[in-house]
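Please read the following account alongside the sequence and the coordinates, taking each segment in turn. It moves from a single side chain in a strand to the helices and then to the loops.

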Amino acid sequence: MHNATRQPSRPAWLDGLYAVTPDTSDSAWLLPRVAAVLDGGASLVQYRNKSRDTALRREQATAIQALCRRHGAGFIVNDDVELAAELGADGVHLGQSDTSLCVARQRLGPHAVIGATCHDQPALAMQAVANGASYVAFGALFPSRSKPEVVSAQLSLFATLPPLPVPCVAIGGITAANAALAWQTGVDMLAVIGGLFNAPAPDEAARVILAARE
């Protein structure tokens, strides 16, 4: 792997399948799918919702966090450091235009998991690690319906990464059909949105994606 020595404080759930929720106000559609993905073996869920409806976001995040706790999985919030702090979430994921990593670390404390989007740029990953990131994410690995505008990260990128002391995550267009190719890059986690939540059976999609690692 690309990682240097494993950090002793790293949560066990920072490895494997990383589910990222699609942006929806339909909790009755979303929550059973989160439960199914966790049943299928996802070890981490990121709650992602750009809605300005703060009550809805708090309600959905609270319910998803409870599901994660029940399954022993990690739970982090996309972008919203204050919501993560309010819920006592395991951490937050930050894009390049979101709250700075240093500010998030100060707000959430030394044990929070803070992920950083690094697109296709190893230099961003090294800077994020220097600023205290818990993991770094690269993508989009494949064409992505969720974020069609996102810069592509070639499969070959991962072979050129310098040794990093934190987990590496690949995201973007990953499905049960191409998961084996994604795992072959040597990443620690695959972050999946539509390939899980839009699958006919999200639990089975999760199992197939994880099985493709072997």
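Phe 75 is found in strand 3, where helices (H or I, at least four residues) and strands (E, at least two) are DSSP runs numbered from the N terminus. The model is a predicted one, in which local features need pLDDT of at least 70 and side-chain atom pairs count only at pLDDT 80 or more, while totals for chains, interfaces and linings use all residues. Residues are numbered from 1 along each chain as its sequence is written, and side-chain values use heavy atoms, with hydrogens and water left out.

At a relative accessibility of 0%, Phe 75 counts as buried, a term that means under 20% relative accessible area, with exposed meaning over 50% and partly exposed in between (1.4 Å probe, protein chains only). Leaving out residues up to four places away in sequence, Phe 75 touches Leu 44, Val 45, Tyr 47, Ala 61, Ile 64, Gln 65, Cys 68, Arg 69, Leu 87, Ala 89, Asp 90 and Gly 91, contact being defined as heavy atoms within 4.5 Å. The C-alpha atom of Phe 75 is also separated by 6.0 Å from that of Gln 46, although the two residues are 29 apart along the chain.

Ile 64 and Cys 68, which are among the residues touched by Phe 75, also take part in the contact between helix 1 and helix 2. In general, two packed helices are described by the angle between their axes and the distance between the axes. Here the axes of helix 1 (residues 27-39) and helix 2 (residues 54-71) come within 10 Å and cross at roughly 20°; axes are lines fitted to C-alpha atoms, for helices over the stretch in contact, and angles run from 0 to 180 degrees between N-to-C directions. That crossing angle makes helix 1 roughly parallel to helix 2, since angles under 35 degrees count as roughly parallel, over 145 as roughly antiparallel, 65 to 115 as roughly perpendicular and the rest as oblique. Helix 1 contributes Ser 27, Leu 30, Leu 31, Val 34, Ala 35, Leu 38 and Asp 39 to the contact, and helix 2 contributes Leu 56, Glu 59, Gln 60, Ala 63, Ile 64, Leu 67, Cys 68 and His 71. These residues divide into 10 nonpolar, three polar and two charged, where Ala, Val, Leu, Ile, Met, Phe, Trp, Tyr, Cys and Pro count as nonpolar, Asp, Glu, Lys and Arg as charged, and the others, Gly among them, as polar.

Just after helix 4, Gly 109 takes a positive phi of about 95°.

In helix 5 (residues 122-130), the buried residues are Ala 125, Ala 128 and Val 129. They cover an arc of only 100° around the axis, which puts them on the same side of helix 5, whereas Ala 123 and Ala 130 are exposed on the other side. Among the elements that cover the buried residues of helix 5 are helix 4 (101-108), strand 5 (113-117) and strand 6 (135-139). Gly 132, which follows helix 5, has a positive phi near 100°.

Val 136 lies in strand 6 and is buried, with a relative accessible area of 0%. Its contacts, not counting residues up to four places away in sequence, include Ala 125, Ala 128 and Val 129, together with Leu 164, Val 166 and Cys 168. The C-alpha atoms of Val 136 and Cys 168, 32 residues apart along the chain, are separated by 5.2 Å.

Asp 79, in the loop between strand 3 and helix 3, has a positive phi of about 70° although it is not a glycine, and at 16% relative accessibility Asp 79 counts as buried. His 119, in the loop between strand 5 and helix 5, likewise has a positive phi, of about 55°, without being a glycine, but His 119 is partly exposed, with a relative accessible area of 23%. Finally, a cis peptide bond with omega of about 10° joins Gly 139 and Ala 140, and Ala 140 lies in the loop between strand 6 and strand 7 (168-171).

Definitions and conventions
The arc is that of the directions from the helix axis to the C-beta atoms.
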